[in-house]
Amino acid sequence: MIDRSRFGSKLMSFELSLGNAGNRQFPHSQCIEDNNDGLSENEQLEKRLSFESQSAPRATGTLNGKHNYLPLGSRKPCLYVKSWWPNLEWRMHNSNNLHYIAHFLEARLEKLEALMTVENPRAFEAYNETIRALKAHCTRYLHMLDTDKHEDKGGTTRLDHHRVNLCHNNVEDILDKIKITGELPNNNYMRIAMIHAYQYLRKLRDLCEDPQHSLPDVFVWLIAGSKRVACSRLSAEQIVYSEEITEMGEKCGRRINLFPSNPDDEDVGAEYFACKVDAFLWLGNAKYTAACWSAIPPGYEIDHSRNVDTFPKYIEYNQSTVVRQNLDPFWDQTLIFPPVILHGTKEYIKSLPPEVVLQVFDQDLCSTREFCGRSIAVPLVKLAAETYSPPDFPPKLNWYKFQSQKDHTGSVLAAFELIEVSYRFFPAKKLNTAENNARIKYMCALLQTEEEILDIPMGALVDDKIYSIPPDIRPKMANYRLEVIFWGVRDMRKIKYTPVRRPRIIVECTGVHVKSEVMKNARKFSNFQEPHVMVELELPELDIYYPSINIKAYDSRGFGCFKYAGICVIPNIHVFLEQLITEEDYNIQIYESKFMQKFQLAKRQTTVVLYIFDITKLNIVPLPIDYTPSKEESKSLMAYKRMAATDIYSKLKRWLVIIKKMLKFKFFIKKKIMEIYQDDDDETLDWWNKYFASLQVKEQN
């Protein structure tokens, strides 16, 4: 994915450096010229900087005229830098240990938030399991600190001792709070428990950053011709090796995606990247070199006298159609990639497949595209010897978050599949689209472990026809009825200094449009004359696939012309889903006592406030830097089970159930029907209750 518009057909190469060690612009490293006193001649020769840090310049090829690629074939360039540094790896190991616990807790909290969104009744059990696992991780970390491992390595400073004490005290404080609060007996106090869990996460995040440096950062430079045009920068702790899995860098010894960019280039945006590089990076003590080679993907022919391997590789560019004026677009498209050569054993590609890059753009009327975010997805691999049948196939749709420098910008629901195709279909013969499209084919690939094969331009092997998502990928649907009451509009802003006089509201859900009537004159009367609209639609059975609701406003300008005025997106339709009930239960819910209505209204208002707070936290930042605990959080901690035992609400609810059964008679219900209809100005009733109560009385008359 080399940007052809900026680099054309220039020769491309890569350079690897640790700080300035390996950078050919600097003749010396930061560390080797000093501290040679007292060393023998052989030791000084062994300590001399050794590196082969730059790959040979290569010509690029192109497949679609928009992006170039490097035809490296099965022999990938291997770059290494050997240099001498103070042995302070224990600092990085300590930070990685804390990162490991923080990442674990953050991933679990995301799952808990999803369970709470759909009001899963077993969410408290998942929380209890998370807290038990967090307790085990923290106990293991404290045991590691108590062994004084950092003292054995040497090179410790006074600040190191203070940091160890700080980490020990904070993690111990987390364990003390977990011991006090205990486990949840039910879902009643999930939100309070989540606030406590986010406090634990914030403490762990604050401890991850070490104020003292250990090793310099690692740079991977992209060189076009003789000019350095972009680079990727990684901290040493991200790729440092350790025999303990919790101390190893999250990107050590695995294939990762790099997106080199030039932050000093003012001609492009901050989100621009020059190319995509698949790289295998490893950093560690020379005595662990064997561990580096054992982690290299099988099937690659590499010289074992070198230490780092980079795998620049191309992936064919493909894009969906543009959906206009929509913050919740729905494509229903299958993107089919032409065959791609992947080198390595089938088992390795099955376990660690190449990742897919998704990018989202905002395109205006002038065809100018603005970058909005990027996401990385891992495809499901289907080998030729495997049977395409459940439960392994087909792939399932999942949500993938787009990340950018402006934080989270949205998610995409998609599925990805990497299918091994027979050698006879590549490259001379076109794929049979009739056979391929019987199943989802987001990507096609040829897995090859033969002798060295050079990547060659293949041309487009698929047509431009747009295919829908196959039925076996789609989620199972169920029939629903959507009822909308268009009550009215308020505080409509002007559109380019022109007031909105004849508005129309359109509600969109899963491609179904519910339109209101065109209001005659919003200035004289801002309510709709015929508000009630019902439509039938299909919704997914699984709650994770529930769609959002788009509410759009337009202004009718005459002659069938409508001017777009604005949009509101409700993230999930789950909050509006209602199960069917009997007429008797319906009457009780609608015509119960005023006291119960006030009680239920207060309960609903409390729930809405908590929901809005939760969404705000998720969309901005889960734990902002200036986060200050609320009054509820500052109270002394109490066990969750003790809270449930002293819950006044639970006792009141039991009494109300008894009273409701005593007052459940037909004459009571009829009396309340008349009272509600006559007392139309009662503010305790929402407009839905008023509407259906009026329909009930109208039918009786």
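Predicted model: local features only at pLDDT ≥ 70, side-chain atom pairs only at ≥ 80, totals over all residues.
Is Arg233 buried or exposed? Arg233 is exposed, because its relative accessibility is 59%.

**The whole chain**

The chain has 701 residues, of which 42% are buried. Its secondary structure consists of 18 helices and 25 strands. Among contacts with a separation of 6 or more, 71% are between residues 24 or more positions apart. If a surface is displayed, the accessible area amounts to about 40500 Å², and carbon and sulfur atoms contribute 54% of that area.

**Helices α3 and α4**

Select residues 89–117, which form helix α3, and residues 123–146, which form helix α4. The two axes cross at roughly 175° and come within 10 Å. The helices are therefore roughly antiparallel to each other. Display the side chains along the contact between them. On the α3 side, the residues in contact include Asn94, Leu98, Ile101, Phe104, Arg108 and Leu115. On the α4 side, they include Ala123, Tyr127, Thr130, Leu134, His137, Tyr141 and Leu145.

Now step back to Leu88, in the loop between β6 (78–82) and α3. Leu88 counts as buried because its relative accessible area is 13%.

**Salt bridges**

Side chains of opposite charge can pair when their charged atoms come close. Across the whole structure, 19 salt bridges are found.

Select Asp160 and Arg91. Their closest N and O atoms lie 3.0 Å apart, and the pair forms a salt bridge. Asp160 belongs to helix α6 (residues 158–181) and Arg91 to helix α3, so that distant parts of the chain, 69 residues apart, are linked. How accessible are the partners? Asp160 is buried because its relative accessibility is 2%. Arg91 is likewise buried, at 6% relative accessibility.

Next, select Asp217 together with Arg233, the residue of the opening question. These two form a salt bridge whose closest N and O atoms are 2.7 Å apart. Asp217 is in the loop between α7 (190–208) and β7 (218–224), and Arg233 is in strand β8 (residues 227–234), so the bridge ties together parts 16 residues apart in sequence. At 59% relative accessibility, Arg233 is exposed.

Lys350 lies in helix α10 (residues 346–351), whereas Glu386 lies in the loop between β15 (380–382) and β16; the pair links distant parts of the chain, 36 residues apart. Lys350 is partly exposed at 30% relative accessibility, and Glu386 is partly exposed at 26%.

Most peptide bonds are trans. Pro391 lies in the loop between β15 and β16. Move on to Phe393 and Pro394, which are also joined by a cis peptide bond, with omega about -5°. Pro394 is found in the loop between β15 and β16.

Continue to strand β16 (residues 398–402), where Trp399 is located. Trp399 is partly exposed because its relative accessibility is 44%.

**Two residues with positive phi**

Most residues other than glycine have a negative phi. Select Asp491, which is not a glycine and yet has a positive phi of about 50°. Asp491 sits in the loop between β20 (477–485) and β21 (503–509). With a relative accessible area of 76%, Asp491 is exposed.

The last stop is Phe559, in the loop between β24 (549–556) and β25 (562–570). Phe559 has a positive phi of about 60°, although it is not a glycine. Phe559 counts as exposed because its relative accessibility is 90%.

Key:
Residues numbered from 1 in each chain as written. Heavy atoms only, no water. Helix = DSSP H or I, 4+ residues; strand = E, 2+ residues; numbered from the N terminus. Buried < 20%, exposed > 50% of the residue type's maximum accessible area, 1.4 Å probe, protein only. Salt bridge = Lys/Arg side-chain N within 4 Å of Asp/Glu carboxyl O. Axes fitted to C-alpha atoms, helices over the stretch in contact; angles between N-to-C directions. Parallel < 35°, antiparallel > 145°, perpendicular 65-115°, else oblique. Contact = heavy atoms within 4.5 Å. Areas by Shrake-Rupley, 256 points an atom, 1.4 Å probe, with all protein chains shown as cover.
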